[in-house]
Amino acid sequence: PRILILGAPGAGKGTQSKRLVDAYDIEHVTTGDALRANKHTETEYGTPAEYMDAGDLVPDPLVNEIVKTALEDADGFVLDGYPRNESQVEYLEDVADLDVVLYLDVPEEELVSRLTGRRVCPECGASYHVEFNPPEEEGVCDECGADLVQRDDDTEETVRDRLATYRENTTDVIEHYRGTDEFVEIDGAQSPDGVWADVRDAVDART
Ligand code: AP5
Ligand code: ZN
């Protein structure tokens, strides 16, 4: 299946995308991870870090290129973190068709506590939450034993900026897809397992 997953920062897109990848054997195409891997690469627009650490969007040309290259060789995929504005929506329409568009809806205060409490593994990419999904041993990755870190943009101040950027730019993206046959709104405030049950039903119903 060709899946687009939408939602605010912290809505659980990454968490559910991992499950989709395992269940349907598809590619995880995520602009956030791709940008983090090249955070300090100089481009004609500067480095991605300058934008990301301020909670701003990275310029469209840099991000569009990532998506185009990744979708070109993907059979099935879950696209996560893109599109985030109207111009990215138009670009995506030219490069891929979608079977299902999932929108994870979560109230804003819940988003702040999810993001500020997130801890990630710098070695294997596993993601935890100090309260909602803690590792067995505090600060240590269950998968590989590495020390967990907080993402640079998960400080409370940058989280607030990311949410403001989301409201300004990406609310229109949700409205663009709402009302299309592919669109499914999911209550993202449930437990990860509860959200997953709805996600799987939505994908199975449309593929
Ligand atoms: P990106 O990496 O895409 O970040 P984001 O959209 O802000 O999303 P997150 O990864 O923070 O959240 P998520 O929804 O995946 O949540 P998760 O599952 O981890 O982008 C980062 C930056 O890159 C942007 O700010 C921008 O600068 C740039 N960028 C990226 N794409 C771009 C684009 N297209 N154009 C321009 N710039 C772009 O869950 C969060 C936490 O909650 C975890 O701790 C998790 O354990 C916990 N959790 C998950 N689900 C639940 C649940 N159901 N109940 C309780 N806790 C839960
Ligand atoms: Zn790890």
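Biologist: Which residues of the largest nonpolar core touch the most other members?

Modeller: This is a predicted model, and its largest nonpolar core holds 36 residues. Ile3, Leu79 and Leu102 touch the most other members.

Biologist: Which elements each supply at least two residues of this core?

Modeller: They are β1, α4 (60-72), β3 (77-80), α5 (86-95), β4 (100-105), α6, α7 and α9. The element that gives the most is β4, with 5 residues.

Biologist: With which residues is Leu79 in contact, leaving aside its neighbours within four places in sequence?

Modeller: Leu79 is in contact with Ile3, Leu4, Ile5 and Val29.

Biologist: Let's turn to a helix. How should I read the buried residues of α6?

Modeller: Start with the general idea: an α-helix has 3.6 residues a turn, so residues three or four places apart point the same way. Now the case here. In α6 (residues 108-116), the buried residues are Leu111, Arg114 and Leu115. Seen down the helix axis, they fall within an arc of 90°, so they line one face of α6.

Biologist: And what covers the buried residues of α6?

Modeller: The cover includes β5 (118-120), β6 and α7 (156-169).

Biologist: Now the ligand. How many residues surround ligand 1, and which are the closest?

Modeller: There are 36 residues around ligand 1, and the closest are Pro9, Gly14, Gly32, Gly81 and Arg118. Two or more residues of this shell come from each of α1, α2 (31-37), α3 (48-52), α6, β6 and α9 (192-206). By type, the shell divides into 14 nonpolar, 15 polar and 7 charged residues.

Biologist: Which residues does the UniProt annotation "binding site" cover?

Modeller: In the unreviewed UniProt entry, that annotation covers Gly10, Ala11, Gly12, Lys13, Gly14, Thr15, Arg118, Ser127, Tyr128 and Gln190. Let's look at two of them.

Biologist: Take Gly12, then. Is Gly12 buried or exposed?

Modeller: We count the other C-beta atoms within 10 Å, and 20 or more make a residue buried. Gly12 has 22, so Gly12 is buried. You will find Gly12 in the loop between β1 (2-7) and α1 (13-24). Not counting residues up to four places away in sequence, Gly12 touches Gly7, Leu104, Gly188, Pro192 and Val195.

Biologist: Why does Ser127 count as partly exposed?

Modeller: Ser127 counts as partly exposed because Ser127 has 15 C-beta neighbours inside 10 Å. Ser127 is found in strand β6 (residues 127-129). Beyond residues up to four places away in sequence, Ser127 touches Gly14, Thr15, Arg118 and Val120.

How values were computed: Residues numbered from 1 in each chain as written. Chains lettered and ligands numbered in written order. Predicted model: local features only at pLDDT ≥ 70, side-chain atom pairs only at ≥ 80, totals over all residues. UniProt positions renumbered as here; feature names shortened; annotations may be inferred. Helix = DSSP H or I, 4+ residues; strand = E, 2+ residues; numbered from the N terminus. Buried ≥ 20, exposed ≤ 12 C-beta atoms within 10 Å, placed from the backbone. Contact = placed C-beta atoms within 7 Å. Arc of directions from axis to C-beta. Near = placed C-beta within 6 Å. Nonpolar A, V, L, I, M, F, W, Y, C, P; charged D, E, K, R; others polar. Core = buried A, V, L, I, M, F, W, Y, C linked by C-beta atoms within 7 Å.
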